[in-house]
Amino acid sequence: MQVLIVKTSSLGDVIHTLPALTDAARALPGIRFDWVVEEGFAEIPRWHPAVDRVIPVAVRRWRKHPLRAWRSGEWRAFTAAIGARRYDAVIDAQGLLKSAWLARHAHGPVHGLDRHSAREPLASCFYRHRHAVAWGRHAVLRVRELFARALGYALPDRPDAAADPYGLDRARVLAGAAQAAGAGAPYLVFLHGTTWATKHWPELYWRRLAERACAAGWQVRLPWGNDTEHARAERLAEGLAGARVLPRLTLAGVAAEIAGAHACIAVDTGLGHLAAALAVPTVSVYGPTNPGFTGAWGAGQRHLASDFACAPCLRKRCRYTPGAADRARPDFAREQPLCFTRLAPERVWVELAAVLDRNEAA
């Protein structure tokens, strides 16, 4: 059975799809997948042994310069690649108009979420087969149910308890990395970069946590993906002998660093989901987002969610109006957004210490 997956982005969403492939491979021996994914995340599907072919797209880039994409031949190359074979099923695992539009260029019956289940209800108009998948559960479980319905198999009675649900081939992950991670002193990885401004744990807190970790004898490694993150990493490491700002790495390179870590500390970020997929114990902090729906999923994952009055607000911009008590805080200007004041570095350190103690016991 040959199946095409359309799940283009984001990093966390792509990783959330992997357990569904593992389910399908266990339920339907011999099933093989091709995968349409954004070019920046094309490494990830290749790490799963059930994936044969990855078809990169550049929708994010093409939208900015559509005429250039047409003239360059990139669009024609994509349509040729997606139309090169006939599929027994095409699964739009994203539920957006853009993903539905891409899926329509494939040869095979297209499956997707019905209008009550998709993030963009109009996308369901493009599917031959529409499946109802209830909201209110973690994204990983929703994708797993979509695949089970589309391909006709039963989910495990306890999908949360499945051993190695992501099913990544660790050798493939590490083969794409130029550096050898995990050598030398034990280390922690601080995954401090994220997208929304409201999801950023205050830099002041990261620095205090780094100081605690280094004082306790840990090495701290700081990856980064853009100039802003690089500058922040440099500030966090300044003057700390145990803290190291990593060089610019590929996604596979960052994965290798995470894979070699004793534990990670993360905000709500795609790299936090990657840590979960690699079964690396991680403490993740959540302010405006809800870990019950999109938190790092898997064994060894600890979530610290703010209990601030307006959290989780699911907003990219904070709309909280500070009161007099808020403004009286000594570090008020550096503790934004204020929902993270409920998740001080001292509390995160206690959780991290518990994770590390559990690792030592194991």
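Student: How many salt bridges does the count come to by this rule?
Tutor: Keep in mind that this is a predicted model. The rule asks for a side-chain nitrogen of Lys or Arg within 4 Å of a carboxyl oxygen of Asp or Glu. Here the count comes to 18 salt bridges.

Student: Which residue forms a salt bridge with Asp 13?
Tutor: That's Arg 119, and the closest N and O atoms of the pair are 3.8 Å apart. Asp 13 sits in helix 1 (residues 11–27), while Arg 119 is in the loop between strand 5 (110–113) and strand 6 (129–131), so the bridge ties together parts that are 106 residues apart in sequence.

Student: How do I read the accessibility of those two?
Tutor: Under 20% relative accessible area is buried, over 50% is exposed, and partly exposed is in between. With 22%, Asp 13 is partly exposed; Arg 119, with 52%, is exposed.

Student: What about Arg 144 and Asp 23: buried or exposed?
Tutor: Both are buried. They form a salt bridge too, with 2.6 Å between the closest N and O atoms. Arg 144 belongs to helix 7 and Asp 23 to helix 1, so this pair links parts 121 residues apart in sequence.

Student: Where do Arg 302 and Glu 351 lie?
Tutor: Their salt bridge has its closest N and O atoms 3.1 Å apart. Arg 302 is in strand 12 (residues 301–305) and Glu 351 in helix 15 (residues 345–361), so parts 49 residues apart in sequence are tied together. Arg 302 is partly exposed at 27% relative accessible area, and Glu 351 is partly exposed at 23%.

Student: How many residues of helix 7 are buried?
Tutor: 12 of the 13, so the rest of the structure largely encloses this helix. The buried ones include Val 140, Leu 141, Phe 147 and Leu 151, but also Arg 142 and Glu 145. Just after the helix, Gly 152 takes a positive phi of about 75°.

Student: And helix 12, how many of its residues are buried?
Tutor: Eight of the eight, which leaves helix 12 (residues 270–277) mostly covered. Among them are Leu 271, His 273 and Leu 274. Look at what follows as well: Ala 279 has a positive phi, near 60°.

Student: Which residues make the nonpolar surface patch?
Tutor: Leu 97, Leu 122 and Phe 126 make it, and the patch covers about 260 Å². Leu 97 is in helix 6 (residues 97–103), and its 35% relative accessibility puts it in the partly exposed class.

Key
Residues numbered from 1 in each chain as written. Predicted model: local features only at pLDDT ≥ 70, side-chain atom pairs only at ≥ 80, totals over all residues. Heavy atoms only, no water. Buried < 20%, exposed > 50% of the residue type's maximum accessible area, 1.4 Å probe, protein only. Helix = DSSP H or I, 4+ residues; strand = E, 2+ residues; numbered from the N terminus. Patch = residues over 30% accessible without salt bridge, like charges linked within 9 Å, V, L, I, M, F, W, Y side chains within 5 Å. Areas by Shrake-Rupley, 256 points an atom, 1.4 Å probe, with all protein chains shown as cover.
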